[in-house]
Every structure is written in structure tokens, then in C-alpha cells.
Amino acid sequence: MAINDKNMKNTHQGLQSIQNDWNSIAESYDKFVTPTGNWALPIEALHHAGLKPGMNFLDVASGSGALSLPAARQGARVLAIDISPVMIEHLQKRAAEEGLSDLEVRLMDGHALELEDNTFDISGSQFGVMLFSDLKQGLREMVRVTKPGGRVLMVAYGPPLEVEFLGIFIQAMKSVIPGFIGLPSDPPPLPFQAADPDVLRKRMEEVGLKDVQIHKSSEKLEFNSGIEMWNWVVHSNPIPAMLVRDLTDEQASEIQHILDQQIHLIAGDKLPAIISASVHIGIGIK
Ligand SMILES: C[S@@+](CC[C@H](N)C(=O)[O-])C[C@H]1O[C@@H](n2cnc3c(N)ncnc32)[C@H](O)[C@@H]1O
């Protein structure tokens, strides 16, 4: 599957490199992140959005299905789009294994949806549009393809300081890598551009959504060991994947050892450790 060249040229610079970055971790994302993505969060998000069986639901930047699969299991007719063909293939495989015949996948750039106006009852994105290089354009496209009176759903991480896995991982890296100063804060990395609930609300209102509600929630991750946590974090996004790319084997195993100590400290005598991340669920009406 290849995204067509015309779209690549006409939309955003760097689209090809974004596709390559996500393709390179998609196999491991499907293995380590999608299944531990805690189905409770997408189920809560779909509940807030008012998903009902038979509704047309669009999942933008679907990955390998953490939001699409629960929507299809609830009887929605789902279209999942993503820029990574590898992600899409894994989602297709998961849907087939579960016999979810009302789940269609398509390769597409979320900044320029190749879809008709006013088509979906709900357009949603979990940890997807929040990290787009042009978040507003991603939201505008979601609004365009949503039916009048339909809903747009955004699931986004809260502030980095409230995202426990990030703090633990960065701290472990700082202890092992001389001179490593952590992630930039001004501006923050793209995945945190709408971490402030007021910013998320503003972005949703700026594209014309009405009655925007922001619900505070959390993602609860369960880890039994440092290596489990390492695998989750490193394959969750191209940024950590890049941060660890040039580490020596010795540095990587030192970091995994520190993560292991933290996991056992948090868990006490009862594994798994529960690591929590602040999440905002934004819902607006077209
Ligand atoms: C953190 S993952 C989230 C995946 C899924 N929604 C989930 O909750 O697990 C981000 C996804 O955004 C996709 N993505 C990044 N840029 C995109 C774009 N411009 N258009 C469509 N998908 C994009 C990536 O390929 C990746 O699957």
C-alpha cells in the first residue's frame, strides 16, 4: 500500500518522513503498545462521545486499532485511517481475527482526508491528531467530514509532569547519559501541544465546534518489569525511539535496570506496578 504521490506533494512537507518514522516502529507498536493501551480509556471516550450501534465512526490516526476496535465491538460502522501502511495492516489483521466485518481501513493523511463532507456521526482521534504538525488542520478535517449535529472526539495526553511513564523514563536516562537534559518545554514536543485542557478546548472551538466539554481522565499502564516499561515507551512514539537509538548496549541495559527498580518500588510486593498518565477527553458538537 502506498499513499499516492499527488497527496504527498500537495499536503505537508515531511509527510514521507512522518510515514517512515511511524512505519519503523509500527510492528512493535502493535505488539507492545496497542494491547497494553488499556481498553478502559477508549471505552470511556466512546461513551462520552455517545457512540451507538450502527453509527458511522471515523478514527483518524488509528494506529493498529486502540480506538477503532472498541468502537467496532460496540456495533459502530468504523472507518480507520492512518498514514502508516504497517499500522493499517496490523489493524486489518486484528479486525479479521475478531471477525469485525464493519471495520474498514484506509491509508490517508489526516491533514487532508480523502472523504466527503458531512459523512460521519462521530469523528474521533486518540493520541493521533494531538501530535499532528498542523493540529488545527487535522481538527478542521475531522469537523468537515462530521455530519451537522455530529460529534468530534479528541483524546490527548495531559501535561508532561502528570504523565508518570515520561518522568520515570527521562529520569532514568538522565542518570545514565551524561549531559542529557530531557525534553524541551518551550515549545513542548508535538505530542504535548494540546496537553493544557484550556488549549485543547480553544483549538476545538477555533474550528467551529460547539458545547466543547473536556473530561479529565487517565491512562493506567501495567508493568511487571523494567524491560516491559522500556518496550512500551520506546515503541510508543518515534521520539523516544530516536532518543535511545544511539545508546550503547551497556547504557540501554543500565536504563532498563533503573526502570526495573522503579517498577518494583511502585508495585511494592504486588506486581504489576500501575503507572498513570493524565488524559483529556474533548468532545465538541458540529
Ligand atoms: C500514538 S499513535 C496512536 C494510535 C492509536 N490511535 C492509539 O490510540 O493507539 C499515533 C498514530 O498517528 C499516525 N499518524 C501520524 N501522523 C499522521 C497523519 N498525518 N495522518 C494520519 N495518521 C498519522 C501514526 O502512524 C500513528 O499510528
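The model is a predicted one.

By that definition, helix 2 meets helix 5 through Trp-22, Asn-23, Ala-26, Glu-27, Tyr-29 and Asp-30 on the helix 2 side, and through Pro-85, Val-86, Met-87 and His-90 on the helix 5 side. The residues of this contact divide into 6 nonpolar, 2 polar and 2 charged.

Seven strands form an open sheet with mixed pairing, in the order 3-2-1-4-5-7-6. Strand 3, residues 103–107, and strand 6, residues 210–223, are the edges, and each pairs on one side only. On average, neighbouring strands are turned by 20 degrees against each other, direction ignored.

Strand 2, residues 77–82, pairs with strand 3 in the parallel sense over 5 bridges. Within that part of the sheet, Asp-82 stands opposite Leu-107 of strand 3.

Helix 3, residues 40–49, touches strands 4, 5, 6 and 7, and its direction makes about 20 degrees with that of strand 7. Helix 7, residues 164–176, touches strand 6 and strand 7, making about 135 degrees with the direction of strand 7.

Last, the ligand. There are 21 residues around the ligand, and Trp-22, Ala-61, Gly-63, Ala-66 and Gly-110 come nearest. The shell divides into 9 nonpolar, 10 polar and 2 charged residues. Trp-22 is also one of the helix 2 residues that meet helix 5.

Terms used:
Residues are numbered from 1 along each chain as its sequence is written. This is a predicted model: local features need pLDDT of at least 70, side-chain atom pairs count only at pLDDT 80 or more; totals for chains, interfaces and linings use all residues. A residue is near a molecule or strand if its C-beta atom, placed from the backbone, lies within 6 Å of it. Ala, Val, Leu, Ile, Met, Phe, Trp, Tyr, Cys and Pro count as nonpolar, Asp, Glu, Lys and Arg as charged, and the others, Gly among them, as polar. Two strands pair if DSSP finds at least two bridges between them. Helices (H or I, at least four residues) and strands (E, at least two) are DSSP runs, numbered from the N terminus. Axes are lines fitted to C-alpha atoms, for helices over the stretch in contact, and angles run from 0 to 180 degrees between N-to-C directions. Two residues are in contact if their C-beta atoms, placed from the backbone, lie within 7 Å.
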